[in-house]
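Have a look at the chain first, and then we'll walk through its strands and its cores.

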Amino acid sequence: QVHLVESGGSLVQAGGSLRLSCAPSGRSFKYYAMAWFRQAPGKEREFVSGITWNGHWTANSDSVKGRFTISRDNAKSTIYLQMSSLKSEDTAIYYCAVDGQAMREAVSTTHSLYTIWGQGTQVTVSL
């Protein structure tokens, strides 16, 4: 069975930094775009950042542009989300996800196009 395992979530002060990691177990997703979504209490899950299978294209939501950077290491089948200048509104559970279509040459921000999801990692930003 395929799993995505997120790690790196923590409690951090506003203005601080964190790096999240997502690694699959059971298979490689090096030919699939991957993304990070997040869900805050009482809110819908939202797109944060995504990267194509070859790393040529990335996309970020307006709320994290200039602060978050997504990257991937296909040799390790791992993606990362480097988060800096964290704000209290970044507090959420962060999920990584795999695009359902191999070798898509664009990053989709649509939740329903991602077919494999991790269990999430909690990020809490305190004032």
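Here is a quick tour of how the strands pair up and where the nonpolar side chains gather.

First, a word of caution: what you see is a predicted model.

Let's begin with an open sheet made of four strands, in the order 1-3-8-7 and with antiparallel pairing. Strand 1 (3-7) and strand 7 (68-73) sit at the edges with a single partner strand each, so one side of each has no neighbour in the sheet. Going from one strand to the next, the twist averages 15°. Within this sheet, strand 1 and strand 3 (residues 18-25) run antiparallel and are joined by five bridges. One spot to look up is Glu 6, whose bridge partner in strand 3 is Cys 22.

**Strand 9 and its partners**

Now move along to strand 9 (92-102). It pairs with strand 4 in the antiparallel sense, and it also runs antiparallel to strand 11 and to strand 10 (residues 114-117). What holds strands together like this? Strands of a sheet pair through backbone hydrogen bonds, either parallel or antiparallel. The table puts these pairings side by side, with a residue pair to find in each.

| Strands | Bridges | Residue pair |
|---|---|---|
| 4 and 9 | seven | Phe 37 and Tyr 95 |
| 9 and 11 | three | Tyr 94 and Thr 121 |
| 9 and 10 | three | Ala 97 and Trp 117 |

**The cores**

Which residues touch the most other members of the largest nonpolar core? In this core of 25 residues, they are Trp 36, Phe 68, Leu 81, Met 83 and Tyr 94. Several strands supply at least two residues each, among them strand 3, strand 4 (32-39), strand 5 (46-51), strand 7 and strand 8 (78-83). Strand 9 gives the largest share, four residues. As a rule, in soluble globular proteins, nonpolar side chains tend to be buried together.

Setting aside its neighbours within four places in sequence, Tyr 94 is in contact with Trp 36, Phe 68, Leu 81 and Met 83, among others. Its contacts also include Glu 6 and Thr 121, and Thr 121 is its bridge partner in strand 11.

There is a second, separate core too, with six residues, including Phe 37, Phe 47, Val 107 and Tyr 114. Phe 37 is also among the contacts of Tyr 94, and its bridge partner in strand 9 is Tyr 95.

Note on methods. Residues are numbered from 1 along each chain as its sequence is written. This is a predicted model: local features need pLDDT of at least 70, side-chain atom pairs count only at pLDDT 80 or more; totals for chains, interfaces and linings use all residues. Side-chain values use heavy atoms; hydrogens and water are left out. Two strands pair if DSSP finds at least two bridges between them. Axes are lines fitted to C-alpha atoms, for helices over the stretch in contact, and angles run from 0 to 180 degrees between N-to-C directions. A nonpolar core is a set of buried Ala, Val, Leu, Ile, Met, Phe, Trp, Tyr and Cys residues joined through side-chain atoms within 4.5 Å. Buried means under 20% relative accessible area, exposed over 50%, partly exposed in between (1.4 Å probe, protein chains only). Contact means heavy atoms within 4.5 Å.
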